[in-house]
Amino acid sequence: MSAQAAFRELLTRSGQHQPANVVGVEGLALAQVIAACSGTGPIVAVTADAPQAEALLRDLRFWLPGIGDVLFVPGDDNTPYHSTSSDPILVMERMATSFGL
């Protein structure tokens, strides 16, 4: 299946509110796919680490100017074995995201 055919099928499935797993799309193309499907309902994007999540958020802001519906859940900055508490800013970001849900 060509990339264009796969993209058309994804848009068709999202228009019919059918779940779709998208794997192997990277960089700005991932943000473009999410932006194309954004009007169809909630979308969950999971990245491997915080820098990838922040890059995706930045790319989504490019494709969807004026977005307010994108929620970001920052990763934990401490392991359970650290004796220090989490960064208060990260805790507030997680709380704001939870409230937004």
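**Helix H3 and its surroundings**

Modeller: Start with H3, residues 50-63, in this predicted model. Helix H3 has 14 residues and spans 20 Å from its first C-alpha to its last, close to the 20 Å expected at 1.5 Å a residue.

Colleague: Which residues of H3 are buried?

Modeller: Ala53, Leu56, Leu57, Asp59 and Leu60.

Colleague: Seen down the axis, where do the buried residues of H3 fall?

Modeller: Within an arc of 165°, so they line one face of the helix. An α-helix has 3.6 residues a turn, so residues three or four places apart point the same way.

Colleague: And what is exposed on the other side of H3?

Modeller: Pro51, Arg58, Arg61 and Phe62 are exposed there.

Colleague: What covers the buried residues of H3?

Modeller: The cover includes helix H2, residues 28-36.

Colleague: Which residue caps the N-terminal end of H3?

Modeller: Asp49 does. One of its side-chain oxygens lies 3.0 Å from the backbone nitrogen of Gln52.

Colleague: Switching to rings. How many aromatic pairs does a search of the whole structure find?

Modeller: One. The pair is Phe62 with Trp63, with ring centres 5.4 Å apart. Their planes stand at 80°, so the pair is edge-to-face, the cut-off for that being over 60 degrees.

Colleague: Is Phe62 buried or exposed? And how does Trp63 count?

Modeller: Phe62 is exposed, at 57% relative accessibility. Trp63 is partly exposed, with a relative accessible area of 33%.

Colleague: Let's step back. What does the secondary structure of the chain come to?

Modeller: Four helices and zero strands. From the N terminus on, the order is α-α-α-α.

Colleague: How many residues are there, and what percentage count as buried?

Modeller: The chain has 101 residues, and 17% of them count as buried.

Colleague: Now H1. Where does Leu10 sit, and is it buried or exposed?

Modeller: Leu10 is in helix H1. Leu10 has a relative accessible area of 12%, under the 20% cut-off, so it counts as buried.

Colleague: What is Leu10 in contact with, leaving aside neighbours within four places in sequence?

Modeller: Ala20, Val22, Val33 and Cys37. Leu10 and Ala20 are 10 residues apart in sequence, and their C-alpha atoms are 7.0 Å apart.

Colleague: And Leu11, which residues does that touch?

Modeller: Ala36 and Cys37, not counting residues up to four places away in sequence. Leu11 also belongs to helix H1, residues 3-15. Leu11 is partly exposed, with a relative accessible area of 31%.

Colleague: How many residues apart are Leu11 and Ala36?

Modeller: 25 in sequence, but 7.3 Å in space, C-alpha to C-alpha.

Colleague: Last topic, Val44. Where does Val44 lie?

Modeller: In the loop between H2 and H3. Val44 is exposed, with a relative accessible area of 72%.

Colleague: What separates the C-alpha atoms of Val44 and Leu71?

Modeller: 9.5 Å. The two residues are 27 residues apart along the chain.

Terms used
Residues numbered from 1 in each chain as written. Predicted model: local features only at pLDDT ≥ 70, side-chain atom pairs only at ≥ 80, totals over all residues. Heavy atoms only, no water. Phe/Tyr/Trp six-rings, centres within 6.5 Å; stacked < 30°, edge-to-face > 60°. Buried < 20%, exposed > 50% of the residue type's maximum accessible area, 1.4 Å probe, protein only. Helix = DSSP H or I, 4+ residues; strand = E, 2+ residues; numbered from the N terminus. Expected span 1.5 Å × (residues − 1). Arc of directions from axis to C-beta. Contact = heavy atoms within 4.5 Å. Polar contact = N/O pair within 3.5 Å; in protein donor to acceptor, adjacent residues only side chain to side chain.
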